Amino acid sequence: MGTIARRLAQLVVVVILSTLFAFALLRLFPGDAADAVIPYGTAAQKAKFRAETGLDKPFFEQYATWLGNLVQGDLGKDYQSNTPVSDKVGAALPVSLQLMLYAQLIALVVAIPLGVFTAYRVGTKADRAVNTGAFALLALPSFVLALALAYWVGVKWKPDLPFLGQIPVTGYEPGWLEPVFGQSAGNIGKHFGTMLLPAISLAAGLIAVYMRLLRSDMIATLQENYITMARAKGLSDKRILWRHALRPSSLTLLTVAGLNFGTLIGGAVAVEVIFGIPGIGTLIYQAINARQIVELQSYIAIIAIGYVLINFSIDALYVVLDPRIRRARA
Amino acid sequence: MVNVSTSPSLRTKLVGAGLALLSATGLLVGIASSASAASAPKPGGSVVYGLEAETGGGWCPPTARLAISGIEVGAAIYDTLMVPNSKNEMVPYLAKSVTPNATFDSWKITLRDGIKFHDGTPLTADAVVQNFDAYRKSTLLGAALKNIATTTATGPLEVTVTTTTPWPQLPWYLYIDGRFLIEAPAQLSASDCSSKLIGTGPFKLESWTVNQSLVATKNPDYWQKDSKGTQLPYLDKITFKPIAEAAQRVNSLQGGAVDLMHTSDGQQIDALQQLKSTLNLTQQPNGRAEVRYYLMNAAKPPLDDLNARKAVAMAIDRDQINQLRNNGVHRVANGPFDTSVIGYLKNPGFPQHNVKAATKLASAYKAAHGGQFNVVLEHTNDPANVAEAELIKEQLGKAGIDATLKQDDQTAFVLAAVGGNFSILLWRQHPGDDPDAQYFWWNTGSILNFGKFNDPTMQGLIDQGRTESNAAKRKQIYEAVNRRFASQVYNVWAYYDQWTVAAKKNVVGVAGPPLPDGGGTPALLLYGRHPLLGISVNK
């Protein structure tokens with residue numbers, strides 16, 4: 001209970017600090033929302049707009065108003081179309097969450113076996129080859145891979161896969177999470193088809209990071225006395241690696257995977273734009289271009305809240321994964 | 001006298017029939033590849049259209065800022081009072097006739113009878129007046145319509161527009177590059193006006209998921225039929241998908257994710273031309289294209305000096321830019337008007353590329369200004385613009401002009417133009433409308449005169465052009481405007497930026513059917529816009 005209260009307090013502090021910082025930073029942009037919405041307007045028209053939207057108020061008053069509205073679930077409105085930002089978020093959030101989830105799943109499914117394998121075969125040619133490949137993936141920006149995949153897979157190869165159908169170059173089909181947000185679901189096979197290339201583009205860099213992290217931790221774990229004991233007892237390498245070494249070695253991996261949920265939202269901007277995925281990344285891109293300051297602040301707050309909540313969940317998972325932590329906390 | 005009444009004379013009918021025949025056989029100039037259009041269009045089917053951007057701000061007149069993507073969606077949902085035809089004339093569309101008085105300061109707009117908005121309400125004079133009111137409040141279109149004094153419903157289907165000066169070219173301002181969309185009063189008064197799209201157009205809004213798709217379905221009660229009596233539009237459904245990245249739009253077409261797409265990017269047009277055996281390409285014909293140019297700030301040093309502007313113009317090798325950046329697919333421009341626009345001159349006297357002369361002028365400027373001749377090349381963050389700016393910087397450097405690059409997002413870029421805080425902008429403007437449609441971009445003191453030139457000679461000319469109705473005199477006036485631009489070098493004209501719409505082989509009819517009442521054929525891809533009601537899918 002104490003942990004939950006502490007985490008909630010942390011959440012409040014993180015949200016206030018991150019949004020306050022963003023609030024200040026966004027005001028350093030050249031021009032303001034009035035310039036963006038009515039660039040050809042007269043000074044009087046712009047002043048009227050600022051008065052109507054509260055942009056003429058002192059900095060802290062604006063911030064307090066916005067934060068008060070946020071707490072009540074009011075994320076503000078798009079200045080130009082007058083659309084509530086919460087409507088936009090409601091449409092985009094499930095898209096981005098699914099994309100992030102798929103990218104993480106692909107990254108973990110590929111990285112964990114590779115990490116275990118390279119730790120087990122440390123120093124061998126196979127280890128060096130996998131490591132070199134990982135560095136190459138790390139050096140490849142996601143948007144470059146995205147464009148390459150779009151061309152080679154979507155245009156040249158055009159695979160028509162069972163269940164997924166033809167892999168499209170761009171576009172999005174709603175998936176299984178949209179109904180949770182009150183929207184209709186799409187064709188689930190098509191959904192996975194539209195998400196395949198964007199998810200791979202985002203996962204590639206993560207694979208390298210996760211694989212390297214797990215490899216390092218596994219190498220250290222495999223030096224532990226209890227592993228030597230397990231070997232002495234005659235347990236098979238497979239059982240030692242997967243049952244006894246992997247769990248305690250995965251704490252760093254889990255932490256970084258959690259942290260990456262936040263990073264993925266930022267990293268997904270280019271990939272979402274390239275593949276025409278209508279997620280939070282696309283909204284951020286458009287909000288920056290249109291100087292939608294209130295909208296941007298709301299996105300930053302959502303990312304910050306999500307970031308803290310996910311890391312809170314991962315912290316709780318430590319207890320499950322490592323009995324030593326469970327005992328220490330008890 | 002301008003007479004744009006639509007009562008068709010025998011001659012008009014014959015001309016209309018001739019044009020329709022030409023259209024049907026695919027022989028019209030500019031339709032590069034539409035051989036398959038010769039087969040009779042089949043009603044039904046649906047297409048997905050890849051657009052270059054989402055229109056996030058929506059379609060509410062006071063705040064809407066429509067670029068080509070918004071204009072194209074507008075062509076689906078709405079109609080305009082007038083439309084341009086391929087002969088550079090404005091012809092009535094939703095209007096049955098648009099007739100001026102003898103002095104061109106009072107215009108009677110008579111609407112077609114029996115047209116209904118998608119919500120079932122009739123198109124009336126009151127509805128049109130409400131549209132005028134809304135557009136006149138808009139900051140951009142309001143500036144364009146400033147010369148309108150009053151708009152009054154003088155009958156159930158008749159609107160009278162009075163103007164502060166004689167205005168023979170008012171019909172161009174009843175179109176404004178496809179932006180003067182007639183919207184239903186229910187939309188104009190709605191709190192969700194930007195997304196509640198209700199027009200009289202060939203398609204009705206079914207759904208709009210921002211950044212994903214805008215789906216429009218056939219308006220079964222649309223007021224137009226084709227020459228064989230078949231109800232227009234042919235398609236049952238059209239879906240617009242924003243795909244911001246130009247290369248991805250081409251990929252999407254090739255990969256089958258979209259059925260047609262548009263672009264004005266020279267390199268992508270070149271790529272599409274390589275694929276023309278597998279696609280239907282509709283290209284904007286030469287004659288009325290928009291101009292790519294380098295807009296100079298004539299109100300700030302160093303470019304407030306005519307010789308400095310000449311040095312920049314002569315240092316820039318526009319042929320090289322067109323070859324390297326557009327693979328030579330566009331044509332080099334020497335003035336603001338393309339070849340079919342009155343005022344066009346093959347050689348208006350614009351300074352040609354001459355590094356030696358540019359260096360001499362730059363040296364003279366430096367000698368008089370403490371050894372400095374620095375300019376800032378400002379451009380949007382599109383990769384093609386970045387590359388073009390880098391090339392210009394290199395060319396200016398060869399003449400001893402120091403250029404630095406400044407990259408802006410679209411908003412900051414427009415703000416730099418509005419505020420006059422720039423030296424050179426990589427700009428694109430002036431589609432091939434009547435030159436009077438450019439008035440507010442060149443009017444002294446106008447916030448939209450971005451180059452900030454204050455030139456009484458130029459002002460006198462565009463004022464004369466606005467009020468003059470004699471075609472021969474107007475030609476002389478706008479030729480003088482062209483020469484004035486050349487002699488004063490307010491801008492460096494680069495190339496005519498032409499649009500291409502690429503479609504799958506079985507998607508035809510991008511050029512659209514003939515205009516009603518013998519109005520001729522629609523202007524093809526003027527400002528990139530094209531009608532959607534004639535598109536059909538061959539099974």
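Residues are numbered from 1 along each chain as its sequence is written, and chains are lettered from A and ligands numbered from 1 in the order in which they are written. Because the model is predicted, local features need pLDDT of at least 70 and side-chain atom pairs count only at pLDDT 80 or more, while totals for chains, interfaces and linings use all residues.

**Chain A**

Select chain A and colour it by secondary structure, which shows 14 helices and two strands (DSSP runs, H or I of at least four residues for helices and E of at least two for strands, numbered from the N terminus). Its C-alpha atoms fill a box of roughly 85 × 55 × 35 Å along the principal axes, and buried residues make up 41% of its 330 residues. A residue is buried if 20 or more other C-beta atoms, placed from the backbone, lie within 10 Å of its own, exposed if 12 or fewer, and partly exposed in between.

Next select helix α10, residues 237-249 of chain A, whose 13 residues have end C-alpha atoms only 16 Å apart, short of the 18 Å that a straight helix would reach at 1.5 Å a residue (the expected span being 1.5 Å times one less than the number of residues). Show the side chains of Ile240(A), Leu241(A), Ala245(A), Leu246(A) and Ser249(A), which are buried. Looking down the axis of α10(A), you will find that these buried residues fall within an arc of 140°, so they line one face of the helix; the arc is that of the directions from the helix axis to the C-beta atoms. The face turned away from the buried side carries the exposed residues Arg239(A) and Arg243(A).

**Chain B**

Move to chain B, where there are 15 helices and 21 strands, and where 57% of the 539 residues count as buried. Its C-alpha atoms fill a box of roughly 70 × 55 × 50 Å along the principal axes.

Select helix α15, residues 471-488 of chain B: its 18 residues should span 26 Å at 1.5 Å a residue, and its end C-alpha atoms are 25 Å apart, which agrees. The buried residues of α15(B), among them Arg474(B), Ile477(B), Tyr478(B) and Phe485(B), pack against α14 (456-467) and β18 (491-497) of chain B. Just after α15(B), stop at Val489(B), which takes a positive phi of about 45°.

**Where the chains meet**

Show both chains and select the residues in contact between them (C-beta atoms, placed from the backbone, within 7 Å): 36 residues of chain B are in contact with 36 residues of chain A. On the side of chain B that touches chain A, the largest share, six residues, comes from α12(B).

**The core**

Finally, select the largest nonpolar core, which has 245 residues; such a core is a set of buried Ala, Val, Leu, Ile, Met, Phe, Trp, Tyr and Cys residues joined through C-beta atoms within 7 Å. Helix α8 (residues 188-221) of chain A gives the most to this core, with 17 residues. Tyr210(A) and Met82(B) are among the residues with the most contacts inside this core. Centre the view on Met82(B): leaving aside its neighbours within four places in sequence, its contacts include Met90(B), Tyr93(B), Pro171(B) and Tyr175(B).

Technical notes: Two residues are in contact if their C-beta atoms, placed from the backbone, lie within 7 Å.
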